[in-house]
Amino acid sequence: MRGTRLPARLAAHNAAFVFFGGGCVKSHYRVVIIGGGIVGTSVLYHLARHGWSDICLIERAELTAGSTWHAAAGFHALNDDPNIAALQAYTINLYKEIEAESGQNLGMHMPGGYSLATTPARWEFLKAEWALYQTLGIGTRLSTPEEIVADCPIVDPTGLLGGLFDPHEGAVDPHGTTHAFAGAAKKRGADVILRNRVLGMTPLPNGGWRLDTEQGPVTTEHVVNAGGLWARRVGRMAGLDLPLTPMQHHYLITEDLPELLARKDEMPCVTDLEGFTYLQQERKGVLLGVYERNPRHWKTEGAEWDYGMDLIPEDIDRISEELAIGFRRFPSLESAGIRRWVNGAFTFTPDGNPLVGPVPGLRNYWTACGCMSGFSQGGAIGLVLANWIVEGDPGADIFGMDVARYGAFASNDKYLRDMTAQFYARRFVLAYPNEELPAGRPLKTSPVYDLQAAAGARFGVVWGMETPQYFATGRPDFIETPSARRSDADAFVAAEVAATRAGAGLLDASVYARYEVSGPGAERWLDGLLANRMPPVGRIRLAPMLNPAGRLMGDLTVSRLDATRFWLVGSYYLQEWHLRWFRDHLPASGVTIENLSESWLAFSISGPRSREILGRLAHGDVSDAALPFLGFKRMDVGLAQAIVARLSLTGELGYEITVPAIQQRTLWNALLREGADLGLKPIGMRAQDSLRLEKGYGVWSLEFAQSYTAAMAGLERFIAFDKGEFIGREAAIKERETGPTQRLSLLAVDATNADVTGFEPVWADGKRVGFVTSGCYGHHVKQSLALAYLDRAIADRPVPLDVHVLGELRPARVLLEPPYDPKGLKLRG
């Protein structure tokens with residue numbers, strides 16, 4: 001191992017640091033943060049900014065003594081998740097403020113940065129990205145090769161098609177920035193205790209925690225795991241296995257370059273996306289970092305407790321292929337001396353985003369770890385976590401960071417290693433909307449997985465569950481081509497849409513979560529949790545679930561089985577997230593929640609022949625009178641004991657048939673056998689997307705999310721404003737009086753061979769008036785469709801619009817009614 005000598009670029013600000021003494025830990029705090037890196041100090045600062053002073057950060061060694069000290073410390077606002085991009089912009093804007101407040105020099109440089117395109121597909125992608133950032137108000141610009149070379153003379157323009165310039169890209173000094181957060185927090189009354197390792201922790205009956213430290217025991221109301229390289233070990237002290245692991249990451253720093261010695265200003269940063277490298281000026285040389293395609297993990301369980309401010313020996317042979325590409329793109333490096341190699345460990349999660357928020361099932365235990373982009377995201381993590389602890393709400397839609405986005409399956413070591421290796425190796429690789437990646441699969445399969453595969457299913461994955469996207473019927477050799485344009489699999493999707501509209505489609509609905517709520521207090525509790533009126537026995541209601549600010553927490557259905565027993569159905573991948581919300585609001589007694597998502601599975605059949613198919617198998621009356629729209633019945637369906645609900649997301653007459661998981665295979669075979677002569681065909685999620693958009697139906701994470709209110713989403717018609725108190729009622733009433741600023745609208749887009757995917761800006765007379773949430777081709781109505789949030793004036797008084805499709809403007813118009821069955825007669829049978 002290398003010793004503790006700082007890289008030369010980091011030593012320049014060393015004399016200005018405010019070094020903290022070890023201090024003496026007090027016996028009790030309101031919040032204790034474990035870990036003194038950029039994320040932990042940001043959480044401390046933001047809590048102090050809320051006025052909380054009885055708070056403490058405990059660090060086993062010195063501030064930055066983990067991943068922070070050797071970080072390249074670059075920052076940028078751009079991120080594939082627009083919600084996270086907005087938070088990264090907050091982090092960048094915070095730096096000048098924290099520098100002024102702390103009096104600590106951050107060593108901040110923000111010359112901007114170019115992302116290079118050297119293939120037509122990448123150039124098309126960057127143009128689409130430029131449009132997306134218009135929605136977020138992040139000012140980027142597309143640049144020519146000549147502009148890039150003029151700004152960055154060390155770039156070889158060979159094969160260069162253009163680039164995307166982000167003016168918010170730059171770097172800070174990692175030590176100075178971390179000390180600035182800590183120093184500003186101390187000025188507001190927070191404690192920073194160094195050289196005091198936490199040895200263990202125990203939950204207390206009052207919801208607090210006892211921490212055993214080298215300096216003695218400490219009790220606290222809240223504990224925050226910001227342990228970085230040690231976060232997994234810190235989690236295990238509380239019986240928690242977090243899905244994160246350290247991985248190796250290389251960069252080099254060169255000696256001075258003649259091209260940089262000759263200029264007075266600072267050269268912009270450069271990311272060569274096809275070259276797997278990023279570059280930023282370092283004094284009069286450069287720092288070149290590599291995301292190699294052959295990554296290496298490092299101590300999956302977390303660093304040893306006595307690991308110091310050390311580096312891992314460089315492994316140049318392993319990254320030589322990517323280095324060679326980088327040296328060709330930046331030819332000056334071939335003759336430059338290498339001042340220093342850095343191979344340090346950073347923590348990664350399966351999707352590369354951090355783990356933030358309250359851990360389900362552990363009261364007052366919070367995470368702020370797994371952050372591989374600490375200097376882009378650290379400030380925002382501190383903001384949202386402090387908001388959450390103090391106010392009970394993060395203040396933004398941070399599901400992409402939320403620790404509850406994962407289930408226990410994600411902490412399996414093989415899954416974790418496979419997924420993080422895939423993410424790291426693809427860090428700069430183009431990702432396509434129709435592309436399915438292999439790592440960590442298959443993890444969870446339904447009982448009919450092999451039968452679906454034999455029928456030609458091509459699977460996607462939702463929270464570990466394999467789910468058919470489409471069926472390549474009769475084409476066992478078919479391999480879909482990843483593309484940003486309409487897929488070569490669309491012929492299969494179109495056939496599934498046609499089968500559903502003419503006969504019936506059979507959709508695997510195993511990717512919906514199911515919960516049973518029971519007990520003498522069940523109705524009262526649900527009445528306060530959900531915004532709708534509770535249904536009578538045998539009926540279903542659509543159920544918006546709000547937070548106190550009136551923002552959406554779910555678009556559920558609630559079914560009443562009997563006087564004290566209900567079923568809730570929601571998104572499969574939100575199980576941990578929703579269960580945390582449910583349990584946080586449970587009364588002390590009288591209500592029980594059971595997660596049925598693995599024990600009960602379902603199929604949806606929809607289409608004009610669906611009632612006839614069901615009638616052949618059902619031991620009971622399925623007429624409109626016996627089983628009306630939004631009704632359900634217990635009945636035998638073939639050999640299966642089922643709960644049959646009358647509802648559909650396709651706009652057709654439809655039924656959801658839910659059975660014990662062990663009987664799902666029997667049901668699949670029976671439905672296909674009895675429906676064969678009536679045109680029943682298996683369909684996948686892509687067909688359902690096309691079908692739902694032809695009706696203008698929204699779904700969670702696209703049209704419905706924490707960012708939106710029920711009134712914005714068109715769900716206010718399901719709210720029972722007069723039923724009494726429920727979470728979010730006051731905010732919903734206020735919005736009903738004032739009206740939402742934007743409304744969800746259905747658009748027809750004049751697109752050719754590509755469709756919108758989400759967050760593209762919508763324009764009217766050159767003014768941005770909204771953004772897209774989702775889109776695809778309506779195969780039955782032969783029209784490219786999109787759902788979008790539009791400014792209320794535009795939604796209420798439609799005008800000619802334009803929408804970016806792959807970065808190119810296309811005409812669009814608001815549809816005042818859905819293009820398929822606008823009166824909803826088919827849905828109601």
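Q: Which residues of helix α9 are buried?
A: This is a predicted model, and in it helix α9, which spans residues 320-329, has E322, L323, I325, G326, F327 and R329 as its buried residues. An α-helix has 3.6 residues a turn, so residues three or four places apart point the same way.

Q: What covers the buried residues of α9?
A: The cover includes strands β4 (113-117), β12 (245-254), β13 (269-272), β14 (277-282), β15 (285-290) and β16 (338-348).

Q: How many residues does the largest nonpolar core have?
A: The largest nonpolar core has 93 residues, and those with the most contacts inside it are M201, Y365, L526, L529, L530, L568 and F582. If we take Y365 and leave aside its neighbours within four places in sequence, its contacts include M201, W209, V223, V234 and L240. Apart from this core lies another, of 78 residues, among them A48, A182, V224 and F428.

Q: At what angle do helices α2 and α3 pack?
A: Helix α2 (residues 38-49) and helix α3 (residues 82-102) pack at an angle of about 70°, and their axes are 13 Å apart. Angles of 65 to 115 degrees count as roughly perpendicular, and α2 and α3 are therefore roughly perpendicular to each other. On the side of α2 the contact is made by Y45, H46 and R49, while α3 brings Y90, L94, E97, I98 and E101. Sorted by kind, the residues of this contact are 4 nonpolar, 1 polar and 3 charged.

Q: In what order do the strands of the open sheet lie?
A: Strands of a sheet pair through backbone hydrogen bonds, either parallel or antiparallel. Here 6 strands form an open sheet with mixed pairing, in the order β28-β29-β30-β27-β21-β31. The edge strands, each of which pairs on one side only, are β28 (632-637) and β31 (680-683). Strand β21 (residues 504-508) pairs with β31 in the parallel sense over 4 bridges, and the bridge partner of G505 in β31 is K681.

Q: Which helix packs on the sheet?
A: Helix α17 (residues 664-675) packs on it, touching β21, β27 (600-606), β28, β30 (654-660) and β31, and its direction makes about 15° with that of β27.

Q: Is E146 buried or exposed?
A: A residue counts as exposed when its relative accessible area is over 50%, so E146, at 59% relative accessibility, counts as exposed. E146 lies in helix α5 (residues 145-151), and its C-alpha atom is separated by 8.4 Å from that of G162, which is 16 residues apart from E146 along the chain.

How values were computed: Residues numbered from 1 in each chain as written. Predicted model: local features only at pLDDT ≥ 70, side-chain atom pairs only at ≥ 80, totals over all residues. Heavy atoms only, no water. Core = buried A, V, L, I, M, F, W, Y, C linked by side-chain atoms within 4.5 Å. Buried < 20%, exposed > 50% of the residue type's maximum accessible area, 1.4 Å probe, protein only. Contact = heavy atoms within 4.5 Å. Axes fitted to C-alpha atoms, helices over the stretch in contact; angles between N-to-C directions. Helix = DSSP H or I, 4+ residues; strand = E, 2+ residues; numbered from the N terminus. Parallel < 35°, antiparallel > 145°, perpendicular 65-115°, else oblique. Nonpolar A, V, L, I, M, F, W, Y, C, P; charged D, E, K, R; others polar. Pairing = 2+ DSSP bridges.
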